[in-house]
Each structure stands twice: as structure tokens, then as C-alpha cells.
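Reader: I am new to this structure. Could you show me how to read its features?

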Amino acid sequence: MDKKLRLQTLTGMRDILPQEQVYFKKVQKSVESITNYYDFKRIDTPILESAEVFSKGTGATTDIVQKEMYSFRTKGGDLVALRPEFTPGIARSYIENGMYNMPQPVKLWTLGPCFRYERPQAGRYRQLLQFDIEAIGDRSASIDGQIIQMSYDILKDLSFKNLNIEVNSIGDQECRSHFKKILTNYFKSRKSSLCSDCQRRLKENPLRILDCKEEKCQRIRSGAPQIIDHLCEACHAHFKQVLEFLDELELPYVLNPYLVRGLDYYTKTVFEIVEKSETGAIQGALVGGGRYDGLLKVLGGRDTPACGAAGGIDRIMNLMKLREVKPDKKDEKPMIFLAQLGQLAKRKSLKLFEEFRASKIPVAESFSKDSLRSQLNSANKMGVKWVLIFGQKEALENFITLRNMETGVQEEIKLDKVVEEMKAKVKS
Ligand code: AMP
């Protein structure tokens, strides 16, 4: 047996290889353009925060904090954690930087890695990439509608079809604690039939029993009371308005009374967007979010309503790859190839190449290849329209030969006019 130690990525972590970057870039571009359109500003918070930000924010009884958080003591003795999600860090930043003095709501977005020590399975990673949108400081239902719409738009922009928005309301502190009692009573008499996790949840957070994936728990929940019937007047009115916005926006939503989401801070609206796939390979929710009117106060800030969503970029990229969603042609494929022959031409090509870069004109090359034939072969494979041939004669006399690969026609262009002329050709 080969005992040689091979270094490899940690369980649940992965490289985004060069050939996969096109998908990552496409997601980033969609998130950036849609958040920009709705005037959300980018924020970047540290990957490492005081563990308290999440134990207080995400919630001490949540799976994320209890089982999945990468936390450790620093050499100085501080208990810190790699962020398992963005919202508590952004809320911390809002408070720390006095953002209540800005016009409300403060609309923020971000994107980057989060860390959860999850059981590895399809669509679940321990280092996961998320995008995140947050609107802090507004309690109106139109904000919930906008967050849902933006999440949906991002997925649409990435060519997702058959999207389904699942929505529910889990009420506020008051109506929820009343409902929890009703729910606890219902499940108590059926406790022995629940899975061991749900037996624990019965004590800590009976709402989580509603979204347990175990079949036996799902059978029991089907007879359980539904929170929607126990909302207080204000929460009921808010939810009704959110649904009216979704109707107005003609978004495809369904009510899911079992949707509660795994984080403690949610109040009122919760939602998830899933793709019903023909290939059957549903990876769970692509985006999830909701309102969290209590979080900022819990973290030491003022009473500030807020609503947000997070999207799973790994899952989105996996599905894009599966569908072979094509990268943007304009971005990925240069239309010009620069071929060179001989030392002098090679030297001058480097400079010319730099001039093209400064003019933002993408140009392909294969400086490592010496023969013109192999360079033309590369150009052919790339499917470029024009090849600039820079040989001995051209280099000495300061001109370049331009070959139109579609027609085979060649012409000569003065070296100091090449960039300008090619710019005009690419534009036309
Ligand atoms: P959450 O922060 O749990 O509300 O999750 C938001 C989105 O992030 C989910 O809808 C998933 O698409 C994605 N996500 C959550 N956990 C993971 C994970 N372990 N691996 C990959 N994606 C994840």
C-alpha cells in the first residue's frame, strides 16, 4: 500500500478551479448589478469575529452555533469564530458604525466565504460561498417584498427557471411564544415518536420540529397546529401585505406552513427560493432569508427592524455547471490574436500587448509558441476574428499584418495606429 501522504483539501472544502471561475464571475456580476440597481452598497466585514456576535445573533440554541461553528481561543484568550453567516456581522457593523444616523433603511450587500462544520453531503460544504443582501431600519412590508424580488431576480438573471418561492410568517416574540406553547403541547404527547434531535428541540425550540427532514417527524407534524392561524393582528396584517406585494410583482410563491428557518433571530416573514429541477437534482434552497426585527437590539443596538437574504453560491454554481450555462461570450472570448515571429517582434509584441490592455481591448496570444503555424492553429481554436501577425519584417519596418480569419484577407497597418484601428474594428 502506498503510504505516501497526499495533501488535499479538508473535508467539505474545495477549490474553485480556473475553468470554474467563469461561473463564479457570472454570479458576482449578477449580484453586483442587481444590488447596484436597487441602490444597495457593498460592505465587507471580517471573516473572524468575536464568537459572541454569532452566539447572541444567530442564536445559542441553533444548529449553526451549537454544532457547526468553527470557534477557538486566540493566543490572547479571546473566543473567536469564523463567520457561519453574514447577518450578525453586518448588524454588528451597523451598530458599531452608528449607521442609524444615515437615511433609513441602510441597504447593504456582500459576498464571500462562510464556514460551517456541517455533515458533508451534496450541496453542503464546510467552506461555503454566500451572497447576502440586508435592508436595515425599515419595518414596512414593501422591504420584505423587495428583498424577495431581488433574490428572485438574481437567480432569474443566472438563467434559473422553475423557481419556487416558499413563504411563511413565524410571527414576532409575542405571538411566537404563545404559539410555541401550543406546539409544545401538541408534540409532548407524541414525544417518543420523534427523532432524538426533535426530542431535544421540543425543549429548546419546538418550531424547528416543523422543518425536520426525518420522515417520522414529518408524519407527526402534518397534524400540528399552524402558526399562520395564531399570528397576532399586527403580524397577520404585515404578512398579508407582503403577499400582496408578491402578487403585485407576479412572483411565483407558495405558502409553506412548515418553513421556520434555522436561525433564532427571524421574525414575521421567512422565505426560501428553490428550484424544481427536471433532472431531479434539487440541492435544497438556493436563497433563504426573512425579517429580523429583534436582532439589532439583541446585539446591543437600538430597536431596529430589518430584513435580508443569503444565497448559496456553491449550489448556484453547481447547477449552472450542470446546465452548462454559457459564460458571457463578450467577456470570455477575445476577438484578436497577436502572433509574433523572431526575437525583435517578440520584444515589441510585449509592449503592444500592454497597450491593448491599457485600452481595455482583450487580446489572446501564445508567446510561448515560436512557429507561425502553431500560433495560427491556436487562434483558429479560439475562434478569433482577427490575427495580428508581427514578424521580422514587420518589426523592422514598424507595421503589422492584419489577417481577417473569416475572409482570409490581409492588410498592413502602421504599428502606432494598430490599437486605434483595432478598437474601431472590435466596436463595429
Ligand atoms: P442560510 O444562511 O442557512 O439561511 O443559508 C442561505 C443559503 O446558503 C442556503 O439557501 C443555501 O443555498 C446556502 N447554504 C447554506 N448552508 C450551506 C452549506 N453548508 N453549503 C453550501 N451552501 C449552503
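Author: We will go through the domains, the aromatic rings and the ligand in turn. Keep in mind that this is a predicted model.

Reader: Which domains does the assignment give the protein chain?

Author: Domain 1 takes residues 18-172 + 232-322. Domain 2 takes residues 333-427.

Reader: How many Å apart are the C-alpha centres of domain 1 and domain 2?

Author: Those centres lie 47 Å apart.

Reader: Now the rings. How is a pair of aromatic rings described?

Author: Two values do it: the distance of the centres and the angle of the planes. Searching the whole structure gives seven aromatic pairs. Take Y37 and Y38, which pair edge-to-face. Their centres are 5.5 Å apart, with 80 degrees between the planes.

Reader: Is Y37 buried or exposed? And why does Y38 count as buried?

Author: Y37 is exposed, because its relative accessible area is 69% and the cut-off for exposed is over 50%. Y38 counts as buried because its relative accessibility is 19%, and buried means under 20%.

Reader: What is the geometry of the pair Y186 and F187?

Author: Y186 and F187 are also an edge-to-face pair. The values are 5.1 Å centre to centre and 75 degrees between the planes. Both Y186 and F187 are buried.

Reader: Which residues do ring pairs link into a cluster?

Author: The cluster consists of Y70, F115 and Y117.

Reader: Which residue lies over the face of Y258, and which over the face of Y100?

Author: R221 lies over Y258, 3.8 Å from the ring centre. Over Y100 lies R302, at 3.9 Å from the ring centre.

Reader: On to the ligand. Which residues around the ligand come nearest?

Author: There are 15 residues around the ligand. The nearest are R116, E118, Y125, R261 and A285.

Reader: What lies 2.7 Å from an oxygen atom of the ligand?

Author: An N or O atom in the side chain of R116 does. For Q130, a side-chain N or O atom is 3.0 Å from a ligand oxygen. G312 uses its backbone instead: an N or O atom there lies 3.4 Å from an oxygen atom of the ligand.

Reader: How much of the ligand's accessible area does the protein cover?

Author: On its own, the ligand has 480 Å² of accessible area. The protein covers 93% of that.

Reader: Which elements give two or more residues to the shell around the ligand?

Author: They are β6 (127-136), β10 (287-291) and β11 (306-312).

Note on methods:
Residues are numbered from 1 along each chain as its sequence is written. This is a predicted model: local features need pLDDT of at least 70, side-chain atom pairs count only at pLDDT 80 or more; totals for chains, interfaces and linings use all residues. Side-chain values use heavy atoms; hydrogens and water are left out. Domain bounds come from an automatic or database domain assignment. Rings of Phe, Tyr and Trp (its six-membered ring) pair if their centres lie within 6.5 Å; planes under 30 degrees apart count as stacked, over 60 as edge-to-face and the rest as tilted. Buried means under 20% relative accessible area, exposed over 50%, partly exposed in between (1.4 Å probe, protein chains only). A charge sits over a ring if NZ of Lys or CZ of Arg is within 6 Å of the ring centre and within 35 degrees of the ring normal. A residue is near a molecule or strand if one of its heavy atoms lies within 4 Å of it. A polar contact is a pair of N or O atoms within 3.5 Å; within protein, one must be able to donate a hydrogen and the other to accept it, and residues adjacent in sequence count only if both atoms are side-chain atoms. Accessible areas come from the Shrake-Rupley method with a 1.4 Å probe; for residues, only the protein chains shown count as cover. Helices (H or I, at least four residues) and strands (E, at least two) are DSSP runs, numbered from the N terminus.
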